[in-house]
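We will go from stop to stop, picking residues as we go.

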Amino acid sequence: MIEFVGIFVYFLIASALSLILVGVSFVFATKKSDPEKISAYECGFDPFDDARSRFDIQFYLVAILFIIFDLEVTFLFPWALTLNQVGFFGFWSMMVFLIILTIGFIYEWRKGALDWS
Amino acid sequence: MLLNLRDDSLIALSPSYKTFLFDNDFQSLFPEIFLSTAAILLLVYGVVFSTSKQKNYPLLLTNICWLSLLALVFTFLLLVNSPVENALLCYNTLIIDNFTSFIKGLILFSSFFCIFISLDYIKQESINAFECILLLLFSTSSMLFLVSSADFISLYLAIELQSLCFYVLAALKRNSEFSTEAGLKYFLLGAFSSGLLLFGCSLIYGFTGVTNFSELARIFTGGTQEILTTTTSLPACELGMVFLLVGFLFKITAVPFHMWSPDVYEGAPTPVTAFFLIVPKAALFGVFLRIFLESFYDFVLPWQKILLVSSICSMILGSVAALSQTRIKRLLAYSSIGHVGYLLAGFACGTIEGIQALLIYLFVYIFMNINMFAFILCGMRRETMQTVPRIKYITDLAYLAKTQPVLALTFTITMFSMAGIPPLAGFYSKAYLFFAAMSSNLYVLAVIGVLCSVCSCFYYIRLVKIMYFEGPKNWCSFSRIPVENALTLAITLFFIVFFMFYPTPLHLITHKIALTLCM
């Protein structure tokens, strides 16, 4: 665990540095806001309609697929490290898992979940 | 040095457990493996062909329904012809004995009929997602695992797989507000109850260091109990047990934790409601009987009290709340809460007779509800509308006795059986349950049970009254009853009517498996 101290210190320094960078411009920059300046930017026009719009379901799909395959990687990681110890039994167990996942993947492919057109 | 040692031990170990797992465990898990594999293959088949342009995008739902029925039959056959009767599998996480085989048979049977009776509904309502049937198959196979789980980890995983399938199924009709609401409610409360369950498991694991049911039993009985008491971890284990119990009562919709069930049962599509109402009860009761009678039998006093209260409340609510219902699915939901109360009454006895009574009741409950839903899932014609609506309100049954006398008679008999009128199966199971309660000195429970049963007669018989004596507001009649439903109605009706004449086989089987559990 001790090696995480370095990362923790690094994280502290990094956040301090980024705060400084933001803070410097906040302190030294001139701030003169007028209605034109703080209005939403839509290519120079006034906003046409309400900012709330329908959300494309594709984004959810991609997020869910990401979560699933991210989990898969979590399971693959210890397997990859201990493959010399678990032998063929471990290998084939993971293959069964991967086959099941692949079938899920085939399903979503044929269903067109990856289609962005 | 250390590395060498580890390698040596692994080499010595590995061939033995490998052969063990492949030779014995897989053979005894054939039903589960077959069912999951079949579901996966059907998924591939369905998705490949339903999106194929050459085949002109066929709707595969009916096809997949029949194939999955076939898969269930094969699974049943595999289960019946299983090479081993008693075994501990997969490093003591799964167990097979007479009890699990019986409950698994019951699950397969009921899920077969749930799909069988919804074939026509699916065709008429054009639910075009073949995934719903596969989700039913997946949840069935997870219930098989659930029943035979002998470890908290396998228990929780199986419960979650089952519930995840159910959340999706409840929200199947995307364009219906009720269905989405049902799905959301079911998901939130199901996840909450799973959380309670998991917290109970983790408390028990934290204070004993063991997740296996039989090892827990060994810890809680006899000498080790003193050690636990001196280190004050026994109360903590008891708390964990209470959390487990609450999670379990949530899942089976017993009364203080029932609030989600009427909405979910009402909102979900009717075949899914049938499945929810019938199949998981057997699986959940199976596994929780095992936990509480095997591992936590030494906590019998606290859990018996909780179960008694819950059972009495369920019986009272089941009989009172259903009085004011006008929608038939909601009425059935409340009636099933009442039935869960009766089942818990058998559980609360904690004796062999109690468990036997519970199992008989469960068996009869499944038959009666399959019959009910075989009736509800038939298409109906209303005079005013072109579409084929289902029975929604209880007044839809009006004048059925004139238009479909045989069907009305069937329905009447089932209703009488549910109410517990003498020569029928429902009466037998209830009577046996109350005898068991009396013989373990739970007189109050038995008396309240009988009173509630009398109260619930009112709404069951009201349906019969509507069918025979009330004029319809707008004429409805059933379209031709589909063959599958007619068959199911006939089989279950036969059972309900003639069960009393020859109850011996069921009695013997349930006694045997109750003994397996209590040994």
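Start with B:Glu181: its relative accessibility is 36%, so it counts as partly exposed (buried is under 20% relative accessible area, exposed over 50%, partly exposed in between, with a 1.4 Å probe and protein chains only). This is a predicted model, where local features need pLDDT of at least 70 and side-chain atom pairs pLDDT 80 or more, while totals for chains, interfaces and linings use all residues. Residues are numbered from 1 along each chain as written, chains are lettered from A and ligands numbered from 1 in the order written, and side-chain values use heavy atoms, without hydrogens and water.

Next, select B:Lys465 and B:Glu470, another salt bridge, with closest N and O atoms 3.0 Å apart. Then widen the view: salt bridges that share partners join B:Glu181, B:Lys185, B:Asp263 and B:Arg330 into one network.

Move on to helix H13 of chain B, where B:Arg290 and B:Glu294 are four residues apart (helices are DSSP runs of H or I, at least four residues, numbered from the N terminus). Their side chains meet in a salt bridge at 3.6 Å, N to O. B:Arg290 is buried at 2%, whereas B:Glu294 is partly exposed at 26%.

Methods:
A salt bridge is a side-chain nitrogen of Lys or Arg within 4 Å of a carboxyl oxygen of Asp or Glu. Helices (H or I, at least four residues) and strands (E, at least two) are DSSP runs, numbered from the N terminus.
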